[in-house]
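Please open the model in a viewer and follow the stops below in order.

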Amino acid sequence: MPILLYMEASSLREDILEALYKARFTGTKQSLLEELALTLGKEPGELRPVLIQLEQNGELVFNPDGSLSLTPAGNETGGRVMRKHRILECFFSEMLGMSPDTASEEACTLEHGVSDEAIERLGRYIRGPGRSGLHGIRRGKRWQALTLLEAVEGDLLVVSCVRCRGLGGRLHDLGLFPGTEITVVRKIPGNGIVVRVKECDIALSTEIAASILVERAG
Amino acid sequence: MKVGLIGNPNVGKSLIFHQLTGLGVEVSNYPGTTIDLQSGTTCFQKEMIEVTDLPGTYSIEGDSEEEKIVRSFVDSGKADVIVAVLDAGRLERNLYLLLQVAEYRRPMLVVLNMMDEAEKSGIRVDAGKLSSLLGVEVIPTVAIQGKNTSSIIPAVLSSVKSPIVNVLYDHHIEAAVKSLKTVHNLEWIEAIQALLGHAKDPDVREAAAALSEEIERMHRMTVAQIIAGNRHHCAEHIADEVVQLRTPERGPDIDRLLTSRIPGIPILAAILIGILLTVFVIGSWLEEAIVTLINIFVLQPFLAAGFPPLAEQLGVSLILAIQAGFGIAFPFIFTFYLFIALLEDSGYLTRAAFLADRTLHRFGMHGQGIIPLVLGFGCNVPAIMSIKLLRTKRERLIASFLVTLVPCSARTVIIAGLVAAFIGLAAAMSVYLFVMVIILITGLILSRVTPGEQYGMILEMSPLRRPTVKNVLLKSWMRIREFLLVAMPLLIVASIILGLFQYSGLMAAFEEFIAPFSEAVLGLPSYATTALIFGILRKEMALETLVILAGTADLGSVLTMAQIYIFAVVSVLFIPCIATIAVLRKEIGTKMALVISAYTLAIGLLVGALLNMLLS
Ligand SMILES: Nc1nc2c(ncn2[C@@H]2O[C@H](COP(=O)(O)OP(=O)(O)O)[C@@H](O)[C@H]2O)c(=O)[nH]1
Ligand SMILES: [Mg+2]
């Protein structure tokens with residue numbers, strides 16, 4: 001069983017980095033150990049050894065006030081795991097027609113095992129011919145999807161997937177549709193984002209921005 | 001002859017409706033303000049034309065309330081002519097809706113509004129070319145200057161045509177439409193609507209569902225998505241043909257100032273606090289004037305006339321009700337409405353909603369919840385009316401709870417007139433703080449326990465515009481009229497009932513009954529409890545009644561500071577005024593209105609009792 005145990009520990013590590021990464025963008029406070037444990041549904045005691053290990057790896061630091069913050073390396077991993085999660089989720093719900101909740105659960109487990117290459121190919125497949133239509137990104141270029149949450153002010157982006165419970169239809173009507181070019185007009189970290197879509201400025205809450213997958217144009 | 005105005009939110013439909021019919025409707029620089037259908041008539045060359053202003057939507061295929069209204073309006077053929085209003089500066093997005101409407105092949109006319117704004121942002125639209133692509137007449141207008149709107153009605157009478165524009169649909173969709181058409185003998189539009197799941201006939205619906213499933217399997221996208229994609233594509237194509245972009249004239253980027261964290265949030269706070277203070281100062285001054293005038297010129301002559309006691313009691317109740325209505329409506333609410341109208345029409349309100357989004361999430365709402373909450377400081381009644389802007393029932397429920405607790409201007413009068421005057425400014429501020437803490441806690445709890453889903457905010461930002469004096473005044477006037485219509489009858493009824501209570505001696509009996517409780521729990525003399533009950537009519541009437549019942553305006557001589565403080569806190573918290581209860585009932589139903597009233601009653605008494613234990 002040591003392999004399984006190892007895997008479990010490593011996926012917990014990734015979950016922690018993902019949660020801290022997300023917290024940074026949504027502005028929700030999760031930087032304290034107890035809050036983190038609550039989000040992940042674990043006991044603080046379970047997390048502590050893993051956190052210490054992460055600190056030794058140089059992926060996170062304990063601040064003097066007891067809060068946790070990610071190092072650049074930790075950020076990188078956290079972001080990668082979150083993107084994997086979103087792409088898998090998108091694939092399961094949009095392509096395979098699974099319910100959003102199941103899709104999210106499946107993505108939660110698979111995000112730790114899947115390789116970067118597989119994710120990149122899956123992303124290409126989602127975006128595939130006929131889906132993004134007009135503004136395909138030039139071939140051969142490294143494809144990198146990100147959620148709208150991670151975009152920064154001034155970014156020129158192309159929507160690749162909108163996966164939003166209940167309100168997806170409204171987003172489509174406003175033109176947030178796979179293939180549409182958008183620009184980030186304003187972003188207040190933790191407080192949503194304003195994007196310009198077809199000459200109109202649309203304000204979106206963070207949780208909605210998090211469910212929109214985009215790629216950088218150009 | 002019937003004409004319907006259709007278009008995206010905030011493109012000028014209501015303004016055009018107003019110019020065509022002369023009827024007052026709400027024109028707002030805020031998306032989603034028109035919710036009900038509004039009809040009016042106009043005459044042209046002896047022809048009677050009925051115009052209907054429809055709610056603004058981005059699409060008519062969805063299942064939100066507005067979309068259903070508009071879809072059934074178009075589908076039923078109720079209108080002889082459909083006038084589609086487009087925003088020239090946002091043509092592509094507007095065309096997406098137009099294409100959906102055009103598929104019904106009803107006689108149509110396109111109004112290309114906001115030509116002035118488009119021009120300013122360097123967008124030039126070729127109306128002739130657009131007309132030939134769509135197959136209907138296109139009239140460019142600038143509604144705000146009244147430019148060219150007068151040619152809409154003549155065109156409606158002489159030159160409407162069915163559109164000819166066709167969306168190029170995916171061939172699987174076309175095939176499915178064809179098969180539905182032949183098998184079920186449907187019109188083209190019925191077939192495509194059936195694919196989108198809108199068929200009325202169960203057989204057709206089933207057949208369409210089977211076909212849709214097949215297509216979805218092949219495309220890995222829902223039919224609705226494919227169709228939306230094709231329409232977007234078509235809209236983009238048309239816009240590319242007719243729109244010419246030039247470099248826009250650039251001014252200073254005010255928008256950046258308003259929507260960045262710094263200085264955006266300090267500006268928001270300054271604006272809100274400034275409005276509250278101004279309304280409070282102007283309001284208290286005006287209110288005193290109105291109440292005094294009514295006292296001198298109506299109440300005293302009436303009392304001097306010497307009617308029989310019952311008639312006198314009824315008359316006094318009626319005058320008190322009217323005094324309450326006008327005393328609160330014009331000084332506080334109207335002044336407040338003026339400011340809100342300014343915020344709305346300048347486009348600032350959408351920016352405020354954006355800035356407040358995060359904070360309001362903690363209370364289970366989103367940015368748009370800022371509108372009812374801010375309105376609540378003026379008066380709870382219009383605030384409750386505005387919760388319609390929130391989309392889900394959960395948000396509306398939370399908002400109505402919180403709004404009811406927000407200290408409105410009438411409650412501010414109590415805090416100022418009682419606590420600030422007899423105890424001190426710091427104590428008055430502490431009452432505010434108290435209420436805010438209770439609102440915060442209530443919000444935090446409600447956001448955990450209220451059932452229902454929480455979606456985030458998707459809000460189109462209104463362009464920044466210069467508000468016109470006329471529209472601000474007109475809109476505030478219409479709103480205050482609506483308030484008076486809702487609140488006045490209730491005030492009168494409630495006031496007369498209270499009057500009869502007093503007359504029949506029931507009030508005295510009640511006072512006797514309540515006395516032990518009042519003294520033991522709240523530490524207040526029984527007449528203070530009576531005064532509290534009068535506060536249900538109009539909150540600051542609690543203060544006025546207290547002065548009358550105490551027999552002196554120098555309340556400090558008959559009540560201890562603790563009693564004054566408790567009285568103020570309880571009257572601020574407990575039971576919303578009768579007008580608020582009435583709109584609560586209208587907006588969220590009798591049951592929830594009662595629950596909210598009971599909650600505020602419980603909180604008021606609880607806090608009162610706790611304070612009594614602490615202070616005495
Ligand atoms: N600059 C400009 N503003 C306009 C024009 N037409 C309407 N407006 C403004 O646009 C806003 C929205 O108008 P309204 O009639 O409420 O739009 P509706 O939501 O479509 O009913 C209001 O502030 C109007 O004053 C126009 O032609 N030019
Ligand atoms: Mg309107």
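Begin with the largest cavity, which has a volume of about 170 Å³. On a 1 Å grid over the protein atoms alone, a cavity is a set of points where a 1.4 Å probe fits but cannot get out; grid points are joined across faces, edges and corners, and the volume is the space filled by probe spheres set on the points. By this rule the model has eight cavities of 30 Å³ or more.

This is a predicted model, in which local features need pLDDT of at least 70 and side-chain atom pairs count only at pLDDT 80 or more, while totals for chains, interfaces and linings use all residues. Residues are numbered from 1 along each chain as its sequence is written, chains are lettered from A and ligands numbered from 1 in the order in which they are written, and side-chain values use heavy atoms, with hydrogens and water left out.

Next, select Ile328(B), Cys379(B), Ala410(B), Arg538(B) and Cys577(B), which lie nearest the centre of the largest cavity among its 20 lining residues; a lining residue has an atom within 4 Å of a point. By class, the lining has 12 nonpolar, four polar and four charged residues. Domain 3 (264-492) and domain 4 (495-615) of chain B each contribute at least three residues to this lining; the domain bounds come from an automatic or database domain assignment.

Now select Phe483(B). Beyond its neighbours within four places in sequence, Phe483(B) is in contact (heavy atoms within 4.5 Å) with Ile328(B), Ala329(B), Ile333(B), Cys379(B), Val381(B) and Met488(B). Phe483(B) is also one of the residues with the most contacts inside the largest nonpolar core, which has 116 residues. Such a core is a set of buried Ala, Val, Leu, Ile, Met, Phe, Trp, Tyr and Cys residues joined through side-chain atoms within 4.5 Å, where buried means under 20% relative accessible area with a 1.4 Å probe, protein chains only. Another core, of 57 residues, lies apart from it and includes Ala79(B) and Tyr169(B).

Move on to Thr404(B). Is this residue buried or exposed? Thr404(B) is buried, because its relative accessible area is 1%. Setting aside neighbours within four places in sequence, its contacts include Asn380(B), Arg411(B) and Pro576(B).

For the last stop, display all of chain B by domain: domain 1 (2-158), domain 2 (171-245), domain 3 (264-492) and domain 4 (495-615). The centres of domain 2 and domain 4 of chain B, taken over C-alpha atoms, are 61 Å apart.

Definitions and conventions. Buried means under 20% relative accessible area, exposed over 50%, partly exposed in between (1.4 Å probe, protein chains only). On a 1 Å grid over the protein atoms alone, a cavity is a set of points where a 1.4 Å probe fits but cannot get out, and a pocket is an open set with protein on both sides within 12 Å along at least five of seven lines; lining residues have an atom within 4 Å of a point. Ala, Val, Leu, Ile, Met, Phe, Trp, Tyr, Cys and Pro count as nonpolar, Asp, Glu, Lys and Arg as charged, and the others, Gly among them, as polar.
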